[in-house]
Amino acid sequence: MTYIVTDNCIKCKYMDCVEVCPVDCFYEGENMLVIHPDECIDCGVCEPECPAEAIKPDTEPGLESWLKLNTEYAAQWPNITTKKDAPADAKEFDGVEGKLEKYFSPNPGEGD
Ligand code: SF4
Ligand code: SF4
C-alpha cells in the first residue's frame, strides 16, 4: 500500500505534509502535490497533518484513479521538502467539489 494525495489538495496546497515526511516523497505540481507510491513507507504521519484532509491510504475504496495520478505525476514533477506559503485563496477552494475536472494542472511546480 501507499498513501496518496487526492482531490481536495488541488488549489489548497497547504504543504504541512512535506515537513513531516521522513522520506521526502512529495512532488510538486503547479497547484497540488502528489506522493511517490514507490518511495512512501506507509508511515501515515502526513495524513492527519493535511488541513484539507486530502491524504488517504490507497486501501480506501474508489481511489484507483488517484493512485494512477500520483504515480504518473510523481515521476514528472520536482521533489518538494520545504513548506511554502499556501495560495492566498486556499480557504475558498477547501471542500469545493470536482476540482480535478475544473482546476487540475499537469504543469510542474517549482520544487525546492
Ligand atoms: S497538506 Fe494536504 S492540501 Fe496541503 S499540500 Fe499536503 S496534501 Fe495538499
Ligand atoms: S505516509 Fe509517511 S512516507 Fe508516505 S508520504 Fe506520508 S509521511 Fe511520507
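Tutor: A residue is near a molecule if its C-beta atom, placed from the backbone, lies within 6 Å of it. This is a predicted model: local features need pLDDT of at least 70, side-chain atom pairs count only at pLDDT 80 or more, and totals for chains, interfaces and linings use all residues. Residues are numbered from 1 along each chain as its sequence is written, and chains are lettered from A and ligands numbered from 1 in the order in which they are written.

Student: Which residues come nearest to ligand 1?
Tutor: Cys9, Tyr14, Cys17, Cys50 and Ala52, out of 13 around it.

Student: And ligand 2: which come nearest there?
Tutor: Tyr3, Cys21, Cys40, Cys43 and Cys46, again from 13 residues. That shell has 11 nonpolar residues, one polar and one charged. Ala, Val, Leu, Ile, Met, Phe, Trp, Tyr, Cys and Pro count as nonpolar, Asp, Glu, Lys and Arg as charged, and the others, Gly among them, as polar.

Student: How does the ligand 1 shell divide?
Tutor: 11 nonpolar, no polar, two charged.

Student: New topic. Is Met32 buried or exposed?
Tutor: Met32 is buried, because 28 other C-beta atoms lie within 10 Å; the cut-off for buried is 20 or more, with C-beta atoms placed from the backbone.

Student: What does Met32 touch, beyond four places away in sequence?
Tutor: Val5, Cys9, Ile10 and Lys13. Contact means C-beta atoms, placed from the backbone, within 7 Å.

Notes. A residue is buried if 20 or more other C-beta atoms lie within 10 Å of its own, exposed if 12 or fewer, and partly exposed in between; C-beta atoms are placed from the backbone. Two residues are in contact if their C-beta atoms, placed from the backbone, lie within 7 Å.
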